[in-house]
Amino acid sequence: MSNNKLNLLSFKDNIRTLHLTWIAFFISFVVWFNHAPLLMAIRDTLGLDSQQIKTLLILNVALTIPARIVIGMLVDKYGPKIMYSLLLGISSIICFFFAVADSFEQLALARFMLGFVGAGFVIGIRMISEWFPAKQVGLAEGIYGGWGNFGSAAAAMSLPTIALMFGGEDSWRYAIGLTGAIALVYAFIYYNSVSDTPQGSTYFKPKKSGAMEVTSKGDFFLYIVMNIPMYAALALLAWKLSPSGVSLLSMNVSYAIYVGLVVLFFYQVYHIYQVNKEVFVKETPEIHRYKFKQVAVLDLAYLATFGSELAVVSMLPLFFSETFDISAVQAGLLASGFAFMNLVSRPIGGLFSDRLGRKRTLTICISGLAVGYFVMGMITPEWFIVLAVLATMACSFFVQAGEGAVFAVVPLVQRRLTGQVAGMAGAYGNVGAVTFLTILSLVSAQTFFFVICGTAIVTLIAVQFMDEPRGQMAEVLPDGSVQMIDVH
């Protein structure tokens, strides 16, 4: 096998691990979005109103914000093999709970808990980074992300038909239960089929757990600042569920959540200090340093790319239906083009990142994304539908190639922290989704697209401060000796 080519038809060694891992991610995404195509049936069975439906959509992405941070720490500590198997097994049980729910409250609780399965993405990022060298890691992570992400589109295309095959008003329950059963079976298959690293390699773990390690005083404060938006997004969600929004929570419960988030934030700051207090006493040797600004830029880039994708995928069918006065089925098919692009665009983003350079590829992708959303903001009923769909697919190409480009850099920051870097970037994607969806509930679709365009321009400026990964990074082996890992 040459330096850059991946023989995807092979089922040996690292390619085998890649295939088994993207399938695990694919199944986790099917489970995460298994409710979306069946919402009409769920609504009819339980007599839900439109606000309750919107609440389920928001709850579905809520828990993913803290879950990706926590899973990122756990995967760095315990390894991806056990964590992916556990995640699939536990989420199958929550999936069964959703399938048998007979009230809105039970549905809401199950959907909130199912946000946990969205953290599966982070686990595979660490697994793939262990099995592929720097020259191939962008393409490999792109294939993992893009093909796995397609699970949401696969759920949309297959589950209504599966429900029809079962028949009856409870058919949606069987379809959702089936996805849980598949996740449970695959949890055992995955555990018995993979290992955390190639034979003879070391799985590097963080020296301390509870927070990400940083290597300078300035990075310590930047890390704390970068945690604030995640708590702010959760507070925004609580506001949306309070009497000011959909009234799922009482005012007292909402206030309790706000206080709890503030307490949690300071508890996390305490943990960050405990893990990193040495930076205030002595300087970290140059060989062991990494720059936290790299992580901060990747967080913002994923907010603009994946954050906007999650938000747009949620609103696009309705946008097409209302703008062009077409049926829900036609609008759904036209809008599915946005998620469909994942199959090729995310791997292409990773491949270009391997070949053209990490920073240059991110710059190109986010520039294209900014222009794409600006054009989408100009769509009016006077447009030809074909042009509107083409504009959407062109925009989505840059969005998803950008996601591939972000995760081509994540494994090159610091190997032992890859799960946590991926977890934080992934969480920022959900922060973006929650923020953009909340903005959408307050403004027109056109303004919503322009807001994302503005966010992309700010991100583009931030990307210029990122350093191109070069040379090698150092990791300490269990015996105390240092191993150098190529990042270029």
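Modeller: Let's start with a term: a salt bridge is a side-chain nitrogen of Lys or Arg within 4 Å of a carboxyl oxygen of Asp or Glu. In this structure, D467 and K293 meet that rule, with N to O at 3.3 Å. One caution before we go on: this is a predicted model, where local features need pLDDT of at least 70 and side-chain atom pairs count only at pLDDT 80 or more, while totals for chains, interfaces and linings use all residues. Residues are numbered from 1 along each chain as its sequence is written, and side-chain values use heavy atoms, with hydrogens and water left out.

Colleague: Thanks! Where in the chain do D467 and K293 sit?

Modeller: For elements, helices (H or I, at least four residues) and strands (E, at least two) are DSSP runs, numbered from the N terminus. D467 lies in the loop between α19 (445–463) and β1 (472–476), and K293 lies in helix α13 (residues 292–324). The pair links distant parts of the chain, 174 residues apart.

Colleague: And are D467 and K293 buried, exposed or partly exposed?

Modeller: The cut-offs are these: buried means under 20% relative accessible area, exposed over 50%, and partly exposed in between (1.4 Å probe, protein chains only). D467 is at 26%, so it counts as partly exposed. K293 is partly exposed too, at 29%.

Colleague: How many salt bridges does the structure hold?

Modeller: Eleven salt bridges. One of them joins E130 and R126, whose closest N and O atoms are 2.9 Å apart. These two are four residues apart in helix α7, which means they are separated by about one helical turn. E130 counts as buried because its relative accessibility is 9%, and R126 is buried at 0%. Another pairs R289 with E286, at 4.0 Å between the closest N and O atoms. There R289 is partly exposed at 32%, whereas E286 is exposed at 63%.

Colleague: Nice. How should I read the domains?

Modeller: Domain bounds come from an automatic or database domain assignment. Here the protein chain is divided into domain 1 (12–197) and domain 2 (284–487). Their C-alpha centres lie 20 Å apart. With contact meaning heavy atoms within 4.5 Å, 34 residues from domain 1 and 36 residues from domain 2 take part.

Colleague: What is the area buried between domain 1 and domain 2?

Modeller: Buried area is the accessible area (1.4 Å probe) that two parts lose on being put together, summed over both. For domain 1 and domain 2 the value is about 2,800 Å², and carbon and sulfur atoms give 70% of that.

Colleague: Which elements of domain 1 give two or more residues to the side that touches domain 2?

Modeller: They are α1 (13–32), α4 (64–78), α7 (120–131), α8 (134–149) and α9 (151–166). Of these, α8 gives the most, with 13 residues.

Colleague: How many salt bridges run between domain 1 and domain 2?

Modeller: The count is zero.
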